[in-house]
Amino acid sequence: MTRLPCTASLTSVPRLEDLVERDREHDCEGFGSHSICVKVEAVADLPTRFGRFRIVAFWNNRDEKEHIALVHGDVLGAENVVTRLHSECLTGDALGSLRCDCRDQLGVALERIAAEPCGVLLYLRQEGRGIGLLNKVRAYSLQDSGLDTVDANLALGFRDDERDYAIAAHALASLTVKSVRLLTNNPKKVAELEKHGIKVTDRIPHVIPANDHNRFYLQTKANRSGHFIDFDGKPHVPEQDDPVVVAPDAGGPSAE
Ligand SMILES: [Zn+2]
Ligand SMILES: [Zn+2]
């Protein structure tokens, strides 16, 4: 496990803008079992309250969602790029919901990345861990009546752990990132990225205090989904996007 700083390759690499032209005719065999291919479609400056970034918009052949990256510094050809995979959470990210800690996770990650020589945050459009906003509200409703987050998803007919990191992996490859230091509490994320050929040189814990509204949710994630969370010491949260659910099981309510 190396802890080298992010270092850009000395070989001549294009600018981010050049990736749009590079990808115009891009058509690869694809990543993962669904042969997912991603193209860089547009790049622009994006100054934020967390620091200065460039926003990179991707097209992909899989889900018709508009996934983006916020890029800080020169990541092209770089090693040990501090990287965060964040899944969209409208209620948390935009509306400030306290049922999860997505907004804090997002803000802390962006601040962390902005303080590094270079880094990437992939903002993945997987609302409600992939079940969509409507189903997320349904799941919240079930949780209001006493189910935990895993059982609520199962009761709605969704699997608890069914993720696909191919889009994220291809997006990082599109940015010509050579290796990443992944900001995450979730060991599965490291393994999944590596499965798709992304070299992960380090895992950086993403530590954020829990609040009274999300403590049970976070404990459920720790107890049932294998996150590295220590509630006896400093409480911190797993990603909201864990686990992402991409396809419903047949048959409605089910046990594991
Ligand atoms: Zn491709
Ligand atoms: Zn959330």
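Leaving aside its neighbours within four places in sequence, Leu 175 is in contact with Ala 69, Val 71, Val 75, Leu 76 and Val 120, where contact means that the C-beta atoms of two residues, placed from the backbone, lie within 7 Å. This is a predicted model, in which local features need pLDDT of at least 70 and side-chain atom pairs count only at pLDDT 80 or more, whereas totals for chains, interfaces and linings use all residues. Residues are numbered from 1 along each chain as its sequence is written, while chains are lettered from A and ligands numbered from 1 in the order in which they are written.

Leu 175 belongs to the largest nonpolar core, which has 48 residues, and is one of the members that touch the most others, together with Ala 69, Val 71, Val 75, Val 120, Ala 168 and Ala 171. Helix α6 (residues 166-174) gives the most to this core, with six residues. Apart from this core lies another, of six residues, among them Ala 139, Leu 154, Leu 156 and Phe 158. A nonpolar core is here a set of buried Ala, Val, Leu, Ile, Met, Phe, Trp, Tyr and Cys residues joined through C-beta atoms within 7 Å; a residue is buried if 20 or more other C-beta atoms lie within 10 Å of its own, exposed if 12 or fewer, and partly exposed in between, with C-beta atoms placed from the backbone. Of the 256 residues of the protein chain, 43% count as buried.

The protein chain has eight helices and seven strands, which are DSSP runs numbered from the N terminus (helices H or I, at least four residues; strands E, at least two). Strands β1 (residues 38-48) and β2 (residues 51-60) run antiparallel and are joined by 10 bridges, pairing of strands requiring that DSSP finds at least two bridges between them. These two strands form a hairpin with two residues between them, and Pro 47 stands opposite Arg 52 in β2. Strand β2 is also joined to β3 (residues 68-72), antiparallel, by four bridges, and the bridge partner of Arg 54 in β3 is Val 71.

Most residues other than glycine have a negative phi. Glu 64, in the loop between β2 and β3, has a positive phi near 55 degrees, and counts as exposed because it has 8 C-beta neighbours inside 10 Å. Thr 176, in the loop between α6 and β6 (179-183), likewise has a positive phi near 55 degrees, but is partly exposed because 16 other C-beta atoms lie within 10 Å.
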